[in-house]
Amino acid sequence: MIKLQLYTILLSLFALLVQCPVLVSASTQPKNLLAHGYFLAESVCGPADSPMSDLVNLSSMAALEEATFGDYKKGSVSMTFESSNNSAISGSAADTEWDSFFPKNKGFISQDIENNTVLYSISGFHAMHCLDTARRVLEVHYNVASNASKTKVNNDAVYGSYYHIHHCLIYLREMVTCTADPALEHHIYFANGTASFGGDGTKHECRDFNALYNISDQSHEAAKMACGGSDE
């Protein structure tokens, strides 16, 4: 009888521990850590084969975002959408063009937290990554991809997976609904019989992408120097 009571007490204590998990390590309880306002972050200074490092409190992200991007968010620039005919259509030329939209660190912001330099992903570059991923997968599908894209898509089980593409499509859909651009568009027909796609040549009020690029790039350089390395 006593043994049964002890067993019942132990089960009750275990149930309480499961309901109120302690912050132990990233590998043991990632879901609970996330639910309690924490997420895994990458360390610039950490070993290359183990990019996941410290736990970072999500509540600190709003303050960091305001301090870093407060002035950036207040401004806007006018942008005229170019014809897609002006861009490289596929292959190595397209790879080079798309790569030019990414800073050296692929679009992160660095912050020192508890003696670690931590990388936060910048949403605009996450979206650019998703578009670039979908582009590479499509080029492989239509057999117009560069060897680099073929390797990336075919050799990485996650990168070229349907699950990854699905995530990217939903993320991009959310980005579009977030932006909700009201600019009006129309097909333009010319006297010589040619036409432009809807959207070509239209003006939009946009955030300054070059400024965002520079913020990420400067953060990358500062983080590398703080780690005792070069800014390359």
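Predicted model: local features only at pLDDT ≥ 70, side-chain atom pairs only at ≥ 80, totals over all residues.
Which residues in α5 meet which residues in α7?

The protein has a mean pLDDT of 75. Of its residues, 67% reach 70 or more. Confidence is highest in helix α4, residues 91-99, at a mean of 97. It is lowest in helix α2, residues 30-35, at 34. Residues 1-43 stay under 50 throughout. The model has 48 contacts beyond four places in sequence for that stretch. Residues 47-55 are also below 50, with 20 contacts beyond near neighbours in sequence.

Next, α5 and α6. Helix α5 covers residues 123-141, and helix α6 covers residues 147-155. Their axes come within 9 Å and cross at roughly 100°. Angles of 65 to 115 degrees count as roughly perpendicular, so α5 is roughly perpendicular to α6. From α5, the contact uses Arg 135, Arg 136, Val 137 and Val 140. From α6, the partners include Ala 148, Lys 152 and Val 153. By class, this contact has 4 nonpolar, 2 polar and 4 charged residues.

Now α5 and α7. Helix α7 runs over residues 162-179. The two axes are 9 Å apart, at an angle of about 135°. That makes α5 oblique to α7. Their crossing is left-handed.

Back to the opening question. On the α5 side we have Ser 123, Gly 124, His 126, Ala 127, His 129, Cys 130, Leu 131, Thr 133, Ala 134 and Val 137. They meet His 164, Ile 165, His 167, Cys 168, Tyr 171, Leu 172 and Met 175 in α7. The classes here are 10 nonpolar, 7 polar and no charged.

Val 137 is on both lists: it is among the α5 residues that meet α6, and among those that meet α7.

Methods
Residues numbered from 1 in each chain as written. Heavy atoms only, no water. pLDDT = per-residue confidence, 0-100. Helix = DSSP H or I, 4+ residues; strand = E, 2+ residues; numbered from the N terminus. Contact = heavy atoms within 4.5 Å. Axes fitted to C-alpha atoms, helices over the stretch in contact; angles between N-to-C directions. Parallel < 35°, antiparallel > 145°, perpendicular 65-115°, else oblique. Nonpolar A, V, L, I, M, F, W, Y, C, P; charged D, E, K, R; others polar. Left-handed = near helix turned anticlockwise from the far one by under 90°.
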